Amino acid sequence: VQKRDIDTLVVGVSAECPPFTFMQQGQLVGFDIDIMREICRRLGKKIEFKQMPFVSLLPALQLGLIDVIAAGLTSSPE
C-alpha cells in the first residue's frame, strides 16, 4: 500500500458532465472543479484530481484510492 500525503485531497472526477466537470483545452474545468479548489484552499490542502470513468468513482472511494468524489450522484433503489 502506497503512503498518501495527508496534506493533499485526492478528488475523483468524471469529466463528462458540462458545466460541472469537463475538459477544456486539456484542463479539467467546471463548477465542481471550482468548488473543490475553493474547499481545498480553505482547508489549506493541496488538491489532486483523478479523472476516471463514472462507474469507477464509488469503487475508488471504497478502496481508499480517492478521498472524495466531485460528481453528481443521486440515490437509487439499489
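Colleague: Why is C17 called partly exposed?

Modeller: The relative accessible area of C17 is 41%, and partly exposed is the class between buried, under 20%, and exposed, over 50%, with a 1.4 Å probe and protein chains only, so C17 is partly exposed. This is a predicted model, in which local features need pLDDT of at least 70 and side-chain atom pairs count only at pLDDT 80 or more, while totals for chains, interfaces and linings use all residues. Residues are numbered from 1 along each chain as its sequence is written, and side-chain values use heavy atoms, with hydrogens and water left out.

Colleague: What class does C40 fall in, buried or exposed, and why?

Modeller: C40 has a relative accessibility of 2%, and therefore counts as buried.

Colleague: How many disulfides does a search of the whole structure find?

Modeller: The search finds 0 disulfides, where the criterion is a pair of cysteine sulfur atoms within 2.5 Å. For reference, a disulfide is a covalent bond between the sulfur atoms of two cysteines.

Colleague: Which residues make up the largest nonpolar core?

Modeller: C40 is one of its 10 residues, the others being L9, V11, V13, A15, L28, I33, M36, F49 and A70. The term stands for a set of buried Ala, Val, Leu, Ile, Met, Phe, Trp, Tyr and Cys residues joined through side-chain atoms within 4.5 Å. Two or more residues of this core come from each of β1 and α1 (31-43), where helices are DSSP runs of H or I with at least four residues, strands are runs of E with at least two, and both are numbered from the N terminus. Another core lies apart from it, with 6 residues that include V10, M52, L57 and I69.

Colleague: How do you know that the buried residues of α1 line one face of the helix?

Modeller: The buried residues of α1 are D32, I33, M36 and C40. Viewed down the axis, they fall within an arc of 100 degrees, so they line one face; the arc is taken from the directions that run from the helix axis to the C-beta atoms. As background, an α-helix has 3.6 residues a turn, so residues three or four places apart point the same way. The face turned away from the buried side of α1 carries the exposed residues R41 and R42.

Colleague: Which strands do the buried residues of α1 pack against?

Modeller: They pack against β1, β3 (21-24), β4 (27-29), β5 (46-51) and β6 (68-69), with contact taken as heavy atoms within 4.5 Å.

Colleague: What span does α1 reach, and what is expected?

Modeller: With 13 residues, α1 reaches 18 Å from its first C-alpha to its last, close to the 18 Å expected at 1.5 Å a residue, an expectation worked out as 1.5 Å times one less than the number of residues. After α1 comes G44, whose phi is positive, near 75 degrees.

Colleague: What makes T8 count as buried?

Modeller: T8, in strand β1 (residues 8-13), has 15% relative accessibility and therefore counts as buried. Its side chain makes a polar contact with the side chain of D5 at 3.0 Å; such a contact is a pair of N or O atoms within 3.5 Å, where, within protein, one must be able to donate a hydrogen and the other to accept it, and residues adjacent in sequence count only if both atoms are side-chain atoms. Not counting residues up to four places away in sequence, T8 touches K45, K46, I47, E48 and D67.

Colleague: Why is E48 not called buried?

Modeller: E48 lies in strand β5 and has a relative accessible area of 34%, so this residue is partly exposed. Leaving aside neighbours within four places in sequence, E48 is in contact with T8, L9, V10 and V11.

Colleague: What is the class of T21, and why?

Modeller: T21, in strand β3, is buried because its relative accessible area is 2%. Beyond neighbours within four places in sequence, its contacts include V13, A15, L28, I33 and A70.

Colleague: What makes Q25 stand out in its phi?

Modeller: Q25 has a positive phi of about 55 degrees although it is not a glycine. Q25 lies in the loop between β3 and β4, and at 81% relative accessibility therefore counts as exposed.

Colleague: Which form does the peptide bond from P18 to P19 take, cis or trans?

Modeller: This bond is cis, with omega near 5 degrees, and P19 has its place in the loop between β2 (16-17) and β3.
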